[in-house]
Amino acid sequence: MPEADRCESTDWVVALSYVLWPETRLSQKKIIDFFRIRNCNCKKDKCSSPLEMKKRRRRSGSLVYQKKRRRLLPFISSQDHSERLKQMGTLASALTALQMEFSNDLTYMPGMASTSANQSKFEDGGMQVLSKEDIETLEQCRAMCRRGECPPLMVVFDACEGFTVVADGLIKDMTLIAEYTGDVDYIRNREHDDCDSMMTLLLAEDPSRSLVICPDKRGNIARFINGINNHTPDGKKKQNCKCVRYSVNGECRVVLVATRDIAKGERLYYDYNGYEHEYPTQHFV
């Protein structure tokens with residue numbers, strides 16, 4: 001489960017290293033190299049909006065009216081290129097402070113779980129399948145990130161909560177904020193692990209097949225989104241996004257989705273105990 005919201009959760013050495021490498025000192029080239037951005041649009045014009053992309057997309061077949069269903073929305077990047085660089089700079093600084101590499105994918109390392117282990121058919125009771133339209137949205141967001149069009153988010157260090165994620169622009173309800181990424185491993189291998197950011201990926205009928213995502217060496221901005229306190233009346237009020245596990249082409253994936261409109265300047269929070277009630281949150285702010 002992700003990073004705990006507690007005053008003592010972040011070592012002062014980590015905090016100091018974050019302060020000593022502020023995002024304002026990162027050049028555009030460093031940021032592009034850090035995130036391995038391809039075909040970077042370095043102009044200060046507007047990013048392609050979802051509406052513009054929809055207009056350019058070809059269609060086939062007749063128009064069929066169906067019952068309206070809530071679909072995932074792609075995030076909308078900040079239009080100003082310099083603002084996007086600043087946002088990515090805060091994430092690069094936070095990842096570097098924790099000695100992590102950026103990865104927007106699930107990674108399969110030697111000695112851990114293999115790609116063949118991550119199959120949604122092993123989920124006890126079955127896993128909800130991401131629709132074709134929502135898979136397209138997920139792939140659109142991934143493609144935008146590869147071009148350097150990131151979600152409008154800033155990683156900000158708080159003396160009490162540690163690293164937090166703040167909206168740097170309006171995020172609409174049902175927006176796909178990020179996919180939870182990191183190394184995939186078996187839960188049995190991590191029973192005594194001190195990483196506080198592990199995320200459940202697969203809960204198999206056979207416990208030996210259950211998997212977790214471990215963003216201790218590789219990960220993205222999802223690793224820094226904090227959780228609510230499940231033991232206080234105000235805890236639920238802070239929640240503005242949720243963590244959902246989906247089957248995507250037979251593979252288990254985890255995404256974070258906005259549950260309401262999130263205003264600029266608002267911190268992002270979700271429930272770490274959305275599936276299991278095993279993560280201690282009574283000490284969270």
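Which residues in the largest nonpolar core touch the most other members? Before I reply, please note that this is a predicted model. The core in question has 51 residues, and those that touch the most other members are I177, L268 and Y270. As for where its members come from, helix 4 supplies the largest share of this core, namely seven residues. Apart from this core lies another one, of 14 residues, and L130, I135, L176 and Y246 are among them. As general background, nonpolar side chains in soluble globular proteins tend to be buried together.

Let me stay with I177 for a moment. If we set aside neighbours within four places in sequence, I177 is in contact with several residues, including F75, P151, L153 and I171. I225, C241, L256 and V257 are also among the contacts of I177, as are A258, I262 and L268.

We now turn to helix 4. This helix covers residues 81–97, and at 1.5 Å a residue its 17 residues should span 24 Å. The C-alpha atoms at its ends are 24 Å apart, which agrees with that expectation. Is helix 4 largely enclosed or largely open? Of its 17 residues, 13 are buried, so helix 4 is largely enclosed by the rest of the structure. After helix 4 comes Q99, which has a positive phi, near 55°.

Strand 3 runs parallel to strand 7, residues 182–186, and two bridges join them. Within this sheet, T107 stands opposite D183 of strand 7.

A further open sheet of four strands, also with mixed pairing, has the order 1-6-13-12. Here strand 1, residues 73–74, and strand 12 are the edge strands, each pairing on one side only. Strand 12 pairs with strand 13, residues 251–258, in the antiparallel sense, over eight bridges. K242 has V257 in strand 13 as its bridge partner.

There is also a hairpin to point out. Strand 4 and strand 5 form it, with three residues between them. How many bridges link strand 4 and strand 5? Strand 4, residues 153–158, and strand 5, residues 162–167, pair in the antiparallel sense over six bridges. V155 has V165 in strand 5 as its bridge partner.

Q239 sits in the loop between helix 6, residues 235–238, and strand 12, residues 241–248. Q239 has a relative accessible area of 18% and is therefore buried, the cut-off being under 20%. The side chain of Q239 reaches the backbone oxygen of C241 at 3.1 Å. Not counting residues up to four places away in sequence, Q239 touches I228, T259, R260, Y269, Y270 and D271.

R38 lies in the loop between helix 2, residues 28–34, and helix 3, residues 50–56. With a relative accessible area of 54%, R38 is exposed. R38 and R147 are 109 residues apart in sequence, yet 5.3 Å apart in space, C-alpha to C-alpha. Leaving aside neighbours within four places in sequence, R38 is in contact with R146 and R147.

Technical notes: Residues are numbered from 1 along each chain as its sequence is written. This is a predicted model: local features need pLDDT of at least 70, side-chain atom pairs count only at pLDDT 80 or more; totals for chains, interfaces and linings use all residues. Side-chain values use heavy atoms; hydrogens and water are left out. The expected span of a helix is 1.5 Å times one less than its number of residues. Buried means under 20% relative accessible area, exposed over 50%, partly exposed in between (1.4 Å probe, protein chains only). A nonpolar core is a set of buried Ala, Val, Leu, Ile, Met, Phe, Trp, Tyr and Cys residues joined through side-chain atoms within 4.5 Å. Contact means heavy atoms within 4.5 Å. Two strands pair if DSSP finds at least two bridges between them. A polar contact is a pair of N or O atoms within 3.5 Å; within protein, one must be able to donate a hydrogen and the other to accept it, and residues adjacent in sequence count only if both atoms are side-chain atoms.
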